[in-house]
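Subject: Structure for your files

Dear colleague,

Here is the structure I promised to pass on. My notes on it follow below.

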Amino acid sequence: MATIDVIRTRRNIKDFKPDPIYRDELMSWLEAASYAPNHRLNEPWELLFIGPDTRAKLNHKADFGGAPVVLAVLSKHAPTEFERDENVIAASCFVQNFLLAAHEAGAGVRWTSLGVLPRNRQILGIPEDYDVIGVFGVGYPAEVPAAKPRTPIASKITYLS
Ligand SMILES: Cc1cc2nc3c(=O)[nH]c(=O)nc-3n(C[C@H](O)[C@H](O)[C@H](O)COP(=O)(O)O)c2cc1C
């Protein structure tokens, strides 16, 4: 697929087949994701692979759509608020790369923001100095939802003199 088609056809996947994701393949998507832009090459992202006991404790309403893999992406704080924001931005670029790499390979990802809740941070053992970008179910889609239409980009543009 051309990059532009990978971008356009990626969807947030709600339900997964039980088929496993092979570790080497998953690692290849994560490795590719690490080519995301990041200031001073500080690579602020870190990953938590969430095993069955921890997953059960999170008690997600749909159990991540039955995804065979659940992982969290974290972003490390920084000495200043500005740099902390930069790290969150870079880690979000990492996530988008990961979503696209998985999608191109025929897999899919369900993004959940439950990692921001203090209870879930505690279950995941997130240190004080990390932001949770998201907790992600990863697997092969049982169903791919239709794309939700986007606002015409021209209406988002302001031209400065
Ligand atoms: C920061 C962030 C948090 C999100 N949190 C959730 C979430 O908690 N639950 C959920 O179902 N989707 C979540 N999503 C996914 C969006 O709902 C989804 O991307 C949006 O509906 C557009 O659908 P698409 O990704 O299929 O184009 C999140 C996305 C982002 C970027």
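Aspartate 85 is located in helix H4; helices (H or I, at least four residues) and strands (E, at least two) are DSSP runs, numbered from the N terminus. Aspartate 85 counts as partly exposed because it has 13 C-beta neighbours inside 10 Å. The scale used here calls a residue buried if 20 or more other C-beta atoms lie within 10 Å of its own, exposed if 12 or fewer, and partly exposed in between, with C-beta atoms placed from the backbone. From aspartate 85 to alanine 33 the sequence distance is 52 residues, and the C-alpha atoms are 19 Å apart in space.

Two points on how to read this. The model is predicted, and local features need pLDDT of at least 70, side-chain atom pairs count only at pLDDT 80 or more, while totals for chains, interfaces and linings use all residues. Residues are numbered from 1 along each chain as its sequence is written.

Core

The largest nonpolar core has 30 residues, of which Val73, Phe94, Phe98 and Ala102 touch the most other members. Such a core is a set of buried Ala, Val, Leu, Ile, Met, Phe, Trp, Tyr and Cys residues joined through C-beta atoms within 7 Å. At least two residues of this core come from each of helix H2 (23-33), strand E2 (69-76), helix H4 (81-104) and strand E4 (130-139). H4 gives the largest share of this core, nine residues. Leaving out residues up to four places away in sequence, phenylalanine 94 touches Ala33, Ser34, Ala36, Trp45 and Val73; contact here means that the C-beta atoms, placed from the backbone, lie within 7 Å.

Strands

E1 and E2 run antiparallel and are joined by five bridges; two strands pair if DSSP finds at least two bridges between them. In this pairing leucine 48 is opposite alanine 72 in E2. E2 also pairs with E4, again in the antiparallel sense, over eight bridges, and there alanine 72 is opposite valine 135 in E4. E4 in turn pairs with E3 over five bridges, antiparallel, with valine 109 opposite valine 138 in E4. Strand E3 (residues 108-112) is largely enclosed by the rest of the structure, because four of its five residues are buried.

Ligand

Which residues surround the ligand? They are Arg11, Asn12, Trp111, Thr112, Ser113, Gly134 and Lys148, where a residue is near a molecule if its C-beta atom, placed from the backbone, lies within 6 Å of it. This shell divides into one nonpolar, four polar and two charged residues. In that count, Ala, Val, Leu, Ile, Met, Phe, Trp, Tyr, Cys and Pro are nonpolar, Asp, Glu, Lys and Arg are charged, and the others, Gly among them, are polar.

Loops and the end segment

Tyrosine 22 is in the loop between helix H1 (3-9) and H2. It is exposed, with 9 other C-beta atoms within 10 Å. Tyrosine 22 and proline 68 are 46 residues apart in sequence, with their C-alpha atoms 10.0 Å apart in space.

Two residues other than glycine have a positive phi and may be worth a look in the viewer. Leucine 41 has a phi near 50 degrees and is in the loop between H2 and strand E1 (45-49). Leucine 41 counts as exposed, with 7 C-beta neighbours inside 10 Å. Aspartate 63 has a phi of about 45 degrees and lies in the loop between helix H3 (52-58) and E2. Aspartate 63 is partly exposed, with 13 other C-beta atoms within 10 Å.

Alanine 146 is in the segment after E4 and counts as exposed, having 6 C-beta neighbours inside 10 Å. The C-alpha atoms of alanine 146 and leucine 26 are separated by 25 Å, and the two residues are 120 apart along the chain.

Annotation

An unreviewed UniProt entry places the feature "domain: Nitroreductase" at residues 58-140. UniProt positions are given in the numbering used here, feature names are shortened, and annotations may be inferred rather than shown by experiment. The end C-alpha atoms of residues 58-140 lie 22 Å apart, and the span is 39% helix and 28% strand.

Regards

Notes: Contact = placed C-beta atoms within 7 Å.
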